[in-house]
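Could you walk me through this structure, step by step?

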Amino acid sequence: MKSRTLKRTRADFLFSFLLDVPALLMTVLFIIVPIVDSVIKSFQDYGVRNIISGKPGVWNDFANYLYLAKTDAFTMASIHTFSFVLGVVLLQFMLSLVLSLILNTEIKGARLLRSVMMTPWVVPTVISALIWMWLFQPQYGFIKYLVDLVTFGNVKDFAVLNNPQTALAGVGIAALWKQIPLMSLLLLAGLQNVPQEINEAAMIDGAGKFRRFVSVTLPYLSPVIKVSISMAIIENFKQFPLFWTMTGGGPNNATTTLAVLSYREAFVSMNLGSGAAITTLWMLMMVLVVFFYNRIFRVQDLG
Amino acid sequence: MKKVVVFLLVLAMLSASVFAAGKTEAAPAGPVTLKVANYALLESGYEPFWKQVKVDFEAANPDITIEWVTAPYGEIVNQVVNMAGGGNKVDVIFGEIDWVPGLVDAGLAAPVRDILSQAFVDDFYPDVLKSFEVEGKPYGIPLYVSPYVLYYNKNLFTQAGLDPNKPPKTYDEMLSYAQKLSQLKDANGNKVYAFGQTTASVPVSGASLTAMVFNFGGQVLDAQGKLAVDNQGFKDAFTMVQKLDQLGYNPQNAKLKDLRNLFALGQLAMYYDQSWGFNGVKSINPDAVNFTASAEPLKGGNGVGASLLQAHCFILVDNGAARKAALSKFVEFVISEQTLSSYLRDLTPAYPAKKSMATMESVVNNGILKGASPAAGRVQVQSFIPRISNLNLELCSLAQAVTVGKQDVAASIEKFKNTASVKISQ
């Protein structure tokens, strides 16, 4: 009997492993291999000529990485990327939390609002970028018209994307518009799973609204918060279409993030080696950020 | 057993879907198919012309079929490179002169004399052909050429009390005209910009800025392709870019297509463009034919108003004897008076690159280009370097630094020198 059970367990394990093989194969082929290939190319002299001729790249003594150190482009791109991620993720979390708390109440039209709210999320990113580019358009854009109206004609040349001081914020607004719906929806789902009986018990014990939110709602919501912020960090760290469509990295490189810089190197300058070097460093940064984020969150959980 | 069968079935289906795309293409046998990469098929106004080219060429050459490879303007080179990487090379790319050095460096472009007949190539103006040379060999063949021309709106000139038949000839004259033009409003009360010079972060804006440096008698690269910006003309050009911004005459950070849009809508009085940019203006406002005129590039500082040669060209790829012969026929068919006559008259005002096409009616009597015609003799050749796109993007960054960045011209040029020298040496 025991041997039969063991046989059965082994067969089940084998079968489940076999079912996993396609997923493993896909992961290795389409994720692991390209990453390893990109890291290798970052140490090589590798250009379009190599792709076309099929000749392998040549080791170039870290020249691609040394090249990045010769100008401030990589440093500035890293600063822009981190500023963008920090600003967008913080604002996104705060606004999404407020929105989800409102939608979790019994307000009139909440269901309709939930459906309407999802619209930006379903719009393709490039289309979102074009919409916001037109809204910010410096000659005939709606925002320019609105600012002109509100300031009684005192501010005539309001051009968010043309000013190096405001361009990053302009792209950030487009990113928030696009991403808030999903985070709100995730947080709303989390809120709806907070047990009402605990809330009621806290209320009977004399806890006020704020106290219940901090001591009951937030702890129950923390796994959802952790996942949704992780997703937001990754999404904005690798944000490319909004930047490329809205500003192309300008003005005066004020919105050149690591994504834009690596694309420019690889596909505009046709230098795949230095493009790969940027991508490698960028990937390392993203891994570190997510790693430390997860650690901080784990410590908080234990606390 | 059932489980194993299910698993094998899943794996087989997966393998089929993964590897189906990797099948090798059979070599063409018998009739030849030419793959022509052409972004213009996706642009308004150009599609009917190119479709007609295919119909007419295939009718005249029944053994040759044209297969279009299309992608938007900004993506077509990547498309061609990716295809070539997969072993599927196109035969010819319709593109800009600035694409040539990159495609030569990539090992994709072939010397035109290896593919086209001697008599056909010899019919091109030697100076024009020289603009396409890399190490002494031309690597692209132009359909037509143009310097950057100054387009202006005759109606706005009249409204500002200026003579619409006397466009400015120097930058100083332009500034005095601009003072009057900038006081105007369009029918909806919108500001009218006096002068447009593209500075947005795209390579073609960098080429346009190079043309402006030439206007002032300056240079960007020396004859050996080395960075050479320690000259007064270069500094004067970017000082002018800054001045235009400070006076509010130039739309900030604009692409050529933004300038075309503003010009078509009557919100821009003068602007620099490639001559064929007028097609973009006309597609937005067909009435533009009635108010548009062209003028020679402006003279600035010690310059004589020289400009940069721009061209739409064919970049050829060597795909073996049969396809080379067919390609030669296709190129000769397109770059002919018969094919380009209506195109240059109705769609794309430009100058022919072949001596035998110099007296074409559609060019000689082109009202839009008339004013700019003397400038055709003052085009200056820019040395070809493989990283020309990098250089052009750095020129855009410099223009943005002195305009929207509000930085000092001399300091910005110093920073540009450091960055650009690294970028073009990589």
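**A walk through the two chains**

B:R345 is partly exposed, with a relative accessible area of 42%; here buried means under 20% relative accessible area, exposed means over 50%, and partly exposed lies in between, using a 1.4 Å probe and protein chains only. Its partner is B:D346: the two side chains meet in a salt bridge (3.1 Å, N to O). A salt bridge is counted when a side-chain nitrogen of Lys or Arg is within 4 Å of a carboxyl oxygen of Asp or Glu. B:D346 is partly exposed as well, with 39% relative accessible area.

Before going on, a word on how to read the values. This is a predicted model, in which local features need pLDDT of at least 70 and side-chain atom pairs count only at pLDDT 80 or more, while totals for chains, interfaces and linings use all residues. Residues are numbered from 1 along each chain as its sequence is written, chains are lettered from A and ligands numbered from 1 in the order in which they are written, and side-chain values use heavy atoms, with hydrogens and water left out.

Let us stay with the salt bridges. Over all chains, the structure holds 17 of them. One of these joins the side chains of B:D230 and B:K417, at 2.9 Å from N to O. The pair links distant parts of the chain, 187 residues apart: B:D230 sits in the loop between helix 9 (203–215) and helix 10 (232–246) of chain B, and B:K417 in helix 18 (residues 409–425) of chain B. Helices (H or I, at least four residues) and strands (E, at least two) are DSSP runs, numbered from the N terminus. B:D230 is exposed, at 64% relative accessible area, whereas B:K417 is buried, at 19%.

Another salt bridge brings together the side chains of B:R378 and B:E296 (2.8 Å, N to O). B:R378 lies in the loop between helix 16 (361–364) and strand 14 (379–380) of chain B, and B:E296 in the loop between strand 10 (292–295) and strand 11 (307–308) of chain B, so the pair ties together parts that are 82 residues apart in sequence. B:R378 counts as partly exposed, at 21% relative accessibility. Both residues also belong to a network of salt bridges that includes B:K169.

Next, two buried residues of chain B. B:Q310 is found in strand 12 (residues 310–316) of chain B, and at 0% relative accessibility it counts as buried. What does the side chain of B:Q310 join in a polar contact? It is the side chain of B:Q274, at 3.0 Å. A polar contact is a pair of N or O atoms within 3.5 Å; within protein, one must be able to donate a hydrogen and the other to accept it, and residues adjacent in sequence count only if both atoms are side-chain atoms. Leaving aside neighbours within four places in sequence, the residues in contact with B:Q310 (heavy atoms within 4.5 Å) include B:E96, B:D98, B:Y144 and B:W276.

B:A399 is the second one. This residue is found in helix 17 (residues 388–402) of chain B and is buried, with a relative accessible area of 0%. Not counting residues up to four places away in sequence, B:A399 touches B:T199, B:L209, B:F238 and B:V241.

Now turn to chain A. In helix 7 (residues 125–135) of chain A, A:S128, A:A129 and A:W132 are buried. They cover an arc of only 100° around the axis, which puts them on the same side of helix 7 of chain A; the arc is that of the directions from the helix axis to the C-beta atoms. The buried residues of this helix pack against helix 6 (119–122), helix 9 (167–192) and helix 12 (241–246) of chain A.

Finally, the place where the chains meet. In chain A, 38 residues are in contact with 43 residues of chain B. Together the two chains bury about 3,600 Å², 57% of it on carbon and sulfur atoms; buried area is the accessible area (1.4 Å probe) that two parts lose on being put together, summed over both. In chain A, A:I52, A:Q139 and A:N252 lose the most area to chain B, together 18% of what that side buries. The rule finds 2 salt bridges across this interface, and the side chains of B:K423 and A:E265 meet in a salt bridge at 3.4 Å, N to O.
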